[in-house]
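Thanks for coming, everyone. Let me walk you through one structure, piece by piece. Please have a look at it first.

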Amino acid sequence: MNDISPWDYVIVGAGPAAAAAAMAIRESDDGGRLLMLGAETELPYQRPPLSKGLWTNKVALDDLPLRSAADWEHLGVQTRLGDVVVKLDAAAKTLTSAAGKIYRYERLLLATGGRARQPELTNTELRERVHVLRSLSDYRRLRTAAQSVSRLLVVGGGFLGAEIAAALSQQEGLKVHYAFAGDAPLAHIFPPVLQKAVLSRYHQARVLLYPRHRLETLSWKEGHVRADFREHAPIAGDLLVYALGMEGQLELAQQAGLALDKGGIAVNAELRSSDAHIWAAGDVATYPDPVWQTPCRLEHWDNAEATGKAAGRAMAGREEPFRHQSLFFSDIFDLGFEAVGRCDSRRVLRVASPEEGKAVIYYGSDDRVEGVLLWNVWEKADAVRAGIAARRSLKDPYWTETLER
Ligand SMILES: Cc1cc2nc3c(=O)[nH]c(=O)nc-3n(C[C@H](O)[C@H](O)[C@H](O)COP(=O)(O)OP(=O)(O)OC[C@H]3O[C@@H](n4cnc5c(N)ncnc54)[C@H](O)[C@@H]3O)c2cc1C
């Protein structure tokens with residue numbers, strides 16, 4: 001059956017950006033008809049524990065949902081889950097789902113996030129043993145598979161590869177081999193001193209490390225996954241976790257002819273797309289950076305929540321420029337960090353170490369700080385944001401002392 005009368009608000013995607021938008025709409029408009037459509041069968045849930053807390057029992061499956069079904073109902077947010085929206089007709093303002101349902105909207109938010117990049121694999125056995133990690137169902141599949149293997153290979157030097165290699169190495173009976181293209185995991189962010197600290201933590205956990213290994217091909221050889229690398233010997237494993245990034249789910253935006261930029265949907269400072277009735281938020285939105293005004297697309301939790309909230313408010317008529325500088329957090333074993341702004345290991349200005357095991361890393365050029373990474377230093381992110389927005393210099397002792405105290 002189709003919904004003939006238009007919904008005031010439709011949100012496609014049921015991730016954190018969608019959830020934050022729904023909440024923000026409700027704060028401004030408690031009567032508008034609001035519908036959230038999600039391809040997964042789950043209500044909005046936390047993804048970060050899929051690569052860390054769930055493996056170490058710091059987080060339980062029951063802790064994942066952002067809100068319960070009763071909460072959403074109480075808020076007057078209708079949800080339709082487990083059905084992919086496959087068509088967006090922006091002229092008619094309609095959406096069509098894979099199950100053939102048609103929804104009409106007045107205002108639409110695209111919060112479709114991303115999918116894990118997948119290798120192209122034709123061999124069925126190989127496909128069964130190569131895993132990606134984006135959704136709860138990916139986690140469940142990996143968790144089950146990891147119980148019946150002993151030698152596991154992780155490829156990818158980004159945060160996901162780094163986290164899942166650490167998490168898997170803490171599972172009973174699993175030997176983890178971890179390959180990445182750089183000198184260390186997250187070498188594009190970490191200065192040498194942190195790279196060293198992280199490498200030594202993996203060594204301590206008996207993870208076999210393969211730095212400077214760039215994956216070329218995967219194949220199925222003698223009952224094992226075989227990974228071939230440029231200029232290095234192949235590595236075999238019972239199972240492989242392929243953690244080589246994600247790509248935005250842009251199909252609906254493309255169908256609607258929306259302007260795209262930097263792998264996302266181009267939106268203005270109020271998160272509105274090139275179509276006046278469509279907004280975008282989360283991993284899929286490319287918006288003007290609040291500090292530098294250059295197009296910015298981030299794949300971080302805080303960014304999803306903040307852009308979702310701003311888009312929801314804007315959809316409900318409270319348009320204001322998006323000013324939040326997003327933060328990225330990660331945990332590798334017991335090492336945790338938060339990063340704000342542009343943190344590029346080629347542009348490190350200074351590494352300050354207030355005490356053993358803690359560090360504040362400043363990035364930028366000519367003493368002008370454009371990014372700060374807080375290594376095991378907490379509750380300073382707002383001070384970092386304020387300093388970067390005010391274009392503070394590394395020579396500003398008041399600011400740097402605040403961060404390093
Ligand atoms: C394992 C893992 C660990 C992470 N850890 C961290 C971390 O420690 N720190 C951090 O800052 N970030 C982390 N992230 C990143 C963070 O989770 C993402 O940035 C965030 O989830 C993005 O939110 P989103 O709402 O934009 O998209 P998503 O969370 O991807 O949600 C989008 C939803 O839309 C649905 N959808 C897509 N297309 C359609 C369609 N056509 N019809 C219906 N539904 C659709 C998708 O199925 C999905 O459920 C992690 C991500 C993963 C996968």
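**Helix 4 and its buried face**

Start with helix 4, residues 136-146: its buried residues are Leu-136, Asp-138, Tyr-139, Leu-142 and Ala-146. Buried means under 20% relative accessible area, with a 1.4 Å probe and protein chains only. Look down the axis of helix 4: these residues fall within an arc of 155°, so they line one face of the helix. The arc is taken from the directions from the helix axis to the C-beta atoms. What do they pack against? Strand 8 (130-131), strand 9 (151-155), helix 5 (159-169) and strand 15 (239-242). Contact here means heavy atoms within 4.5 Å.

A word on the source. This is a predicted model: local features need pLDDT of at least 70, side-chain atom pairs count only at pLDDT 80 or more, and totals for chains, interfaces and linings use all residues. Residues are numbered from 1 along each chain as its sequence is written, and side-chain values use heavy atoms, with hydrogens and water left out. Helices (H or I, at least four residues) and strands (E, at least two) are DSSP runs, numbered from the N terminus.

Four strands form an open sheet, in the order 17-18-20-21, with mixed pairing. Strands pair if DSSP finds at least two bridges between them. Strand 17 (260-261) and strand 21 (295-296) are at the edges, each with a single partner strand, so one side of each has no neighbour in the sheet. Strand 18 (residues 264-266) and strand 20 (residues 285-288) run parallel, joined by two bridges. Ile-265 stands opposite Ala-285 in strand 20.

Definitions and conventions:
Buried means under 20% relative accessible area, exposed over 50%, partly exposed in between (1.4 Å probe, protein chains only).
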